[in-house]
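Subject: A structure for you to explore

Hi there,

Here is the structure I promised to pass on to you. Have a look around it first, and then read my notes below.

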Amino acid sequence: MAKSNYITREGWEALDRELKYLWNEERPVVTQAVSDAAALGDRSENAEYIYGKKRLREIDRRVRFLMKRLEQLQIVYYNAQQEGKVYFGAWVELENEEGETFRYQLVGPDEFNVREGKISIDSPLARALLKKAVDDEVVVRTPAGEELYYVNKIQYQPFAG
């Protein structure tokens with residue numbers, strides 16, 4: 001499944017900060033360290049040189065990825081017409097059949113982080129939630145079978161606490 005090119009403003013800014021940090025701060029430091037290590041002579045057994053070159057390749061790979069990805073991404077802004085329904089960027093509180101509650105924000109695939117309660121818009125749960133309203137039932141198909149949730153709250157600002 002192709003991943004969406006949607007992102008929240010906060011997610012885009014985080015990727016942009018990472019790109020600027022790697023390019024303007026970390027890369028120059030690692031480049032200087034590699035240069036200093038190379039000046040010491042034998043590079044074949046020089047751990048600082050070998051590690052530095054490896055880290056430079058990692059940084060350059062990530063910088064290339066971020067530059068290309070940031071061009072592809074489309075920031076999705078809140079629209080008042082979304083109120084009352086689940087759309088991209090919404091914070092949603094769900095309750096399962098056992099009465100457990102879960103809070104998630106629907107975000108782009110580049111910014112999801114389950115520990116922070118951010119789930120990808122491409123995930124089965126997010127897909128099932130789209131266009132739902134408070135008190136709607138949501139059935140999600142998982143490898144373990146179907147799970148049923150109830151939508152308790154929908155908002156377009158983070159939950160307090």
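A pocket, as the word is used here, is an open set of grid points with protein on both sides within 12 Å along at least five of seven lines. Please keep in mind as you read that this is a predicted model.

What is the volume of the largest pocket? It comes to about 210 Å³. The lining of this pocket is made up of 14 residues, and those closest to the centre are Glu10, Val76, Tyr78, Gly89 and Tyr156. If you sort the lining of the largest pocket by class, you get seven nonpolar, five polar and two charged residues.

The second largest pocket has a volume of about 170 Å³. To find it on your screen, look for Ser4, Tyr6, Val76, Gln82, Tyr87, Phe88, Ile121, Arg127, Leu130 and Lys131, which line it. Here the classes are six nonpolar, two polar and two charged residues.

Now for the inside of the protein. The largest nonpolar core holds 19 residues, and the ones that touch the most other members are Val92, Leu94, Leu106, Leu125 and Leu129. Two or more residues of this core come from each of strand 3 (91-96), strand 4 (101-107), helix 3 (124-129), strand 6 (137-142) and strand 7 (145-155). Which element gives the most to this core? That is helix 3, with four residues.

Leaving aside residues up to four places away in sequence, Leu129 touches Val86, Val92, Leu94, Leu106, Val138 and Val151.

Last, some strand pairing. How do strand 3 and strand 7 run, parallel or antiparallel? They pair in the antiparallel sense, over six bridges. Within this part of the structure, you can see Glu95 standing opposite Tyr150 of strand 7. Strand 7 also runs antiparallel to strand 6, and six bridges join these two. Val140 has Glu147 in strand 7 as its bridge partner. Between strand 6 and strand 7 there is a hairpin, which connects them through two residues.

Enjoy exploring, and write back with any questions!

Best wishes

Key. Residues numbered from 1 in each chain as written. Predicted model: local features only at pLDDT ≥ 70, side-chain atom pairs only at ≥ 80, totals over all residues. Heavy atoms only, no water. 1 Å grid on protein atoms, 1.4 Å probe; cavity = no way out; pocket = protein on both sides within 12 Å on 5 of 7 lines; lining within 4 Å. Points joined across faces, edges and corners; volume = space filled by probe spheres on them. Nonpolar A, V, L, I, M, F, W, Y, C, P; charged D, E, K, R; others polar. Core = buried A, V, L, I, M, F, W, Y, C linked by side-chain atoms within 4.5 Å. Buried < 20%, exposed > 50% of the residue type's maximum accessible area, 1.4 Å probe, protein only. Contact = heavy atoms within 4.5 Å. Pairing = 2+ DSSP bridges.
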